[in-house]
Amino acid sequence: MSLLFTPGQVIVRREILDGREWIVYPVQVAGDDGVTLATYLHRGTRLTFGGGEFRWGVHPWAAFEPHWQSEGVLQLQRTGDAYSVWARWSDGQFEGWYVNFQEPLRRTGRGYDTLDQELDLWIPGDGSPYRWKDVEEFEERERSGGFTAEEAAGVRAAAREVEALILSGACWWEEWRDWTPPVEWNVPAPVALEGAGTGTPVR
């Protein structure tokens, strides 16, 4: 059975690119049943970026203040799914769901690994039509060789899967719509790169 994380536990989310840590940050566990892992990214969380050369260049968030500046987000991902669904709020009010296409999560002793794959989908919370985001960026990355043909096909398959869930009304993430972070939770301490920023491949 997969390692289960405990509600309230602080774990590490890593994006691994070229076998190295591209971006790393701590999240707090909202729930984990072995299939769905729900984590919370606090506003003000320190973001740590990997050094050295990456085929996609430096992480785009590295151009900004290295902290999560938006309101906190609830990140939902299920074992085997090539996407996660993030609940977003504005001024404390639920705004909608942000679907982030990414590699399926891989659990580690510290938390989990994945990799953002550019394409995104926004589902407004008021029931208005969903809309795709970063389509041109995804297609350009595919054209430039940033994705293999197999990787690009996997992203498109995941996109069709999510679209089918929306159209059928089988949005499993909706059960989390009313979740709010416990008042006693605080911004976790920063986490270090496993390779200490040296470009060392991770396990």
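Biologist: What makes strand S1 (residues 10-17) and strand S9 (residues 111-114) a pair, and is the sense parallel or antiparallel?

Modeller: S1 and S9 are joined by four bridges in the parallel sense. Two strands pair if DSSP finds at least two bridges between them, so S1 and S9 qualify. One of the bridges links Arg13 to Tyr112 in S9. The model is predicted: local features need pLDDT of at least 70, side-chain atom pairs count only at pLDDT 80 or more, and totals for chains, interfaces and linings use all residues. Residues are numbered from 1 along each chain as its sequence is written, and side-chain values use heavy atoms, leaving out hydrogens and water.

Biologist: How do you know that strand S8 (residues 106-107) pairs with S9?

Modeller: S8 and S9 have two bridges, in the antiparallel sense, and the rule asks for at least two. Here Arg107 has Tyr112 of S9 as its bridge partner. A hairpin of three residues joins S8 to S9.

Biologist: Why are helix H1 (residues 135-143) and helix H2 (residues 149-168) called roughly antiparallel?

Modeller: Their axes come within 10 Å and cross at roughly 155 degrees. The axes are lines fitted to C-alpha atoms over the stretch in contact, with angles from 0 to 180 degrees between N-to-C directions. Angles over 145 degrees count as roughly antiparallel, and therefore H1 and H2 are roughly antiparallel to each other.

Biologist: What is the handedness of the crossing where H1 passes H2?

Modeller: The crossing of H1 and H2 is left-handed, meaning that the near helix is turned anticlockwise from the far one by less than a right angle.

Note on methods: Angles under 35 degrees count as roughly parallel, over 145 as roughly antiparallel, 65 to 115 as roughly perpendicular and the rest as oblique.
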